[in-house]
Amino acid sequence: MNPDTIPRDRLPALLCTAPKAELHIHIEGSLEPELIFALAQRNGVSLAYPSVDALRAAYAFTDLQSFLDIYYAGASVLLKAQDFEDMAMAYFHRAKTDHVVHAELFFDPQTHTARGVSFETVIAGLSRACERAQNELGISSALILCFLRHLSEEEAFATLEEALPFRGQFIGVGLDSSERGHPPEKFARVFARCRELGLRLVAHAGEEGPPEYVWSALDVLKVERIDHGVRSVEDPLLMQRLARDRVPLTVCPLSNVKLCVFKTLAEHNLPALLDAGLCATVNSDDPAYFGGYMNQNFVEVFDALPQLTARHAHQLMANSFEASFASDAQKLQWREALDNVFSPTA
Ligand code: ADE
Ligand code: ZN
């Protein structure tokens, strides 16, 4: 396999058909406006927007918070286990067309328990979708419970208590929501407890927040992956650390432009992250809100950045498998399938 011999005009097709893992998708962020309206009707929930088009027209964000306000409102239509299952199945069907073979899904239980929906309802619907994704679509998956960082650590502990009877149904915990003013160290004790429990640990850091937040996610929370992390380039020592330890960054190009982290995709620092030897991956974050699922992210970012080559494409997909929480045996199988697709004789 030598990706350097693959011409650039073959890249879009290759990007779309190559097997890949998605490691940064908030399942509530996959709720398309049509499904929001269908669920609102099914559950008798009233929405602040008169139509699907009016809702979609409101998706013009100036920063992370302006998005989160509308994203939490969208999630208000989710009441029953069936709603969570339908939402996740819609995502898995979409992922299948993008040749996603493995997905690790974030979910925000506090967004639902605050509205009187039990943790059990949320996890029952999502777990059932994960089982069906394997049986009906051949996609493996896992769930990662995210704590909302704009809430207190005490509330995160209460959520962990509610979740523990269902410990077998999620593999890890993450940290999301409003980053600025809510540094990782605010959650030091709850992450330490999760670590003792053998949960896998990830956190959003360096999306809008400074490189210091990436340092404290690594050194205080002891996370295994950083979600986003694009602001790490501002700190050369941090870049060395991330490269040395091959700490994965789950980068979300379309999200970064929609939330004004970068003005345009052409200014995105994905090439710099890869060329510095970091284990960067491409992901969709909240695809229903940010203009595209996995392949859209790949195709648009490669289109906007001509310095990205077939070697980078292969590296990104290999990184997605390396960075996943799947078994080594499974990773090896995926890697072989990936190398076959990138072999010039394929
Ligand atoms: N929740 C959903 N999407 C998010 C993002 N991009 N950053 C932080 N929290 C989120
Ligand atoms: Zn995210």
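Good morning. A cavity here is a set of points, on a 1 Å grid over the protein atoms alone, where a 1.4 Å probe fits but cannot get out. Rolling a probe the size of a water molecule over the atoms shows where empty space is left.

Please note that this is a predicted model, in which local features need pLDDT of at least 70 and side-chain atom pairs count only at pLDDT 80 or more, while totals for chains, interfaces and linings use all residues. Residues are numbered from 1 along each chain as its sequence is written, chains are lettered from A and ligands numbered from 1 in the order in which they are written, and side-chain values use heavy atoms, with hydrogens and water left out.

The largest cavity has a volume of about 100 Å³, where volume means the space filled by probe spheres set on the points, joined across faces, edges and corners. Its lining consists of 15 residues, each with an atom within 4 Å of a point. Nearest its centre lie His 26, Leu 64, Phe 67, Leu 68 and Asp 286. Helix H4 (residues 64–74) contributes the most to this lining, five residues; helices are DSSP runs of H or I, at least four residues, and strands are runs of E, at least two, numbered from the N terminus. By type, the lining has seven nonpolar, four polar and four charged residues. Nonpolar covers Ala, Val, Leu, Ile, Met, Phe, Trp, Tyr, Cys and Pro, charged covers Asp, Glu, Lys and Arg, and the others, Gly among them, are polar.

I turn now to the metal. Which residues coordinate the zinc ion (ligand 2)? They are His 24 (NE2), His 26 (NE2), His 204 (NE2) and Asp 285 (OD), at 2.0 to 2.3 Å. Donors are N, O and S atoms within 2.8 Å of the metal (3.2 Å for Na, K and Ca). In sequence, the donor residues follow the spacing H-x1-H-x177-H-x80-D. Because His 26 lies in strand E1 (residues 20–26) and His 204 in strand E5 (residues 200–205), the pair ties together parts that are 178 residues apart in sequence. Both His 26 and His 204 are buried, that is, under 20% relative accessible area, with exposed being over 50% and partly exposed in between (1.4 Å probe, protein chains only).

Finally, two threonines. Thr 281, in strand E8 (residues 280–282), is buried, with a relative accessible area of 0%. Thr 113, in helix H6 (residues 109–113), is partly exposed at 23% relative accessibility. Thank you.

Conventions: On a 1 Å grid over the protein atoms alone, a cavity is a set of points where a 1.4 Å probe fits but cannot get out, and a pocket is an open set with protein on both sides within 12 Å along at least five of seven lines; lining residues have an atom within 4 Å of a point.
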